Amino acid sequence: MREKIGLVVVLCGSLAPAYAAEHSQDAGQQERAAEQIPAGGINSRWGRLFAGNKDKFSAALSFNSGLKQQWVTIPNNSESASQTKKINQTLNLSLQYSPYSFWFANVITRMPVRDTSRYTTDFRYSFGYDDWHPNTVSLVYSNYGDNHFWTTGSKRHTYFEQGAFTLAYKFSLPKPIENKLLINKGDALTCQLGYSWVPRYYDAQSDSVRANKNVMLGGCGYTLKQHFFVRATAFWFPDSSQQQPWNGDYSYSFGYATYAPGSLSIQYSNYAGTRFPGHKNGNARFREGTVSLIWLLPL
């Protein structure tokens, strides 16, 4: 059932940077790398607004791989770190608890396939109200930034103020338009409009942490024969100076998902640094995206 697009369980993109000034040189790179690894298309800050999950407990394992090498910061111990160029690959465990209705809390533990240590293992988390029905409003807090069980230097375990609060309205298109766009009976097309507020964010130009990033978003998701899907979201920054090089003009994902416990799904996603024609300083090449293989655990 398409209502069970609750893979609720996978990697997520991030706008949240490293907070401390001594880490500011790496913040843009770390944040951009984080945004390149979302999976599932429904559990990122933007993507999860397309769907929800009725199950009280959900869990999944996923493997995520970039398509090209990139520079990655690797903590050596609690005091130092080094950089290496590699294809970023991670193993991830996601757990979600939905105590009532469409309220939920989700946490994702990520472990790199290479250079594995307690310092390179991190986590993402989100919570809020997310109804997947059309003509509903969702309010979600998500933090996919610099969160670590074991910290380095003077860093905190998490920077709550660098997460995002996203308010969105999901809706169906008018029936005459929808009927012309749907390919098969039983296909689904859901759209959304939303607003996201980030209390604190890293600004690459000033090399400092600034306040009150505002982002408007709008997009649609199409589900074909209840399993194949494609989703796209466009972003607008009312204050263009708040858009960082790793903040895309748009994001997109597509793949195949079967939603029964024990099933496997596969997805390609591209979230970071995409630019519309004529908008410079971006990179929307296909190899900038990530491929994800997701196993919905049978609970």
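**A tour of the strands and rings**

Begin by selecting strand 6 (residues 164–171) together with strand 7, two strands that run antiparallel and are joined by seven bridges. Strands here are DSSP runs of E with at least two residues, numbered from the N terminus, and two strands pair if DSSP finds at least two bridges between them. The model is predicted, so local features need pLDDT of at least 70 and side-chain atom pairs count only at pLDDT 80 or more, while totals for chains, interfaces and linings use all residues. Residues are numbered from 1 along each chain as its sequence is written, and side-chain values use heavy atoms, with hydrogens and water left out.

Now pick Leu-167, and look across to Tyr-195, its bridge partner in strand 7. How many of the 16 residues of strand 7 are buried? Twelve of the residues in this strand (residues 188–203) are buried, so strand 7 is largely enclosed by the rest of the structure; buried means under 20% relative accessible area, exposed means over 50%, and partly exposed lies in between, with a 1.4 Å probe and protein chains only.

Select strand 8 (residues 208–224) next, which is joined to strand 7 by 15 bridges and runs antiparallel to it. Tyr-202 has Val-209 in strand 8 as its bridge partner. Between these two strands, which form a hairpin, there are four residues, and Asp-207 in the turn has a positive phi of about 55 degrees.

Step back to show the closed barrel of twelve strands, which runs 1-2-3-4-5-6-7-8-9-10-11-12 with antiparallel pairing. Neighbouring strands of this sheet are turned by 20 degrees against each other on average, direction ignored, where the axes are lines fitted to C-alpha atoms. For another pair in the antiparallel sense, select strand 1 (residues 57–75) and strand 2 (residues 81–97), which share 16 bridges, and find Val-72 opposite Thr-84 in strand 2.

Turn now to the aromatic rings. Rings of Phe, Tyr and Trp (its six-membered ring) pair if their centres lie within 6.5 Å, and planes under 30 degrees apart count as stacked, over 60 as edge-to-face and the rest as tilted. By this rule there are 20 aromatic pairs. Select Phe-160 and Phe-165, whose ring centres are 6.3 Å apart and whose planes stand at 70 degrees, so the pair is edge-to-face. Phe-160 is partly exposed at 38% relative accessibility, and Phe-165 is partly exposed at 28%. Ring pairs link both into a cluster whose members include Tyr-141, Trp-150 and Trp-197.

How values were computed:
Axes are lines fitted to C-alpha atoms, for helices over the stretch in contact, and angles run from 0 to 180 degrees between N-to-C directions.
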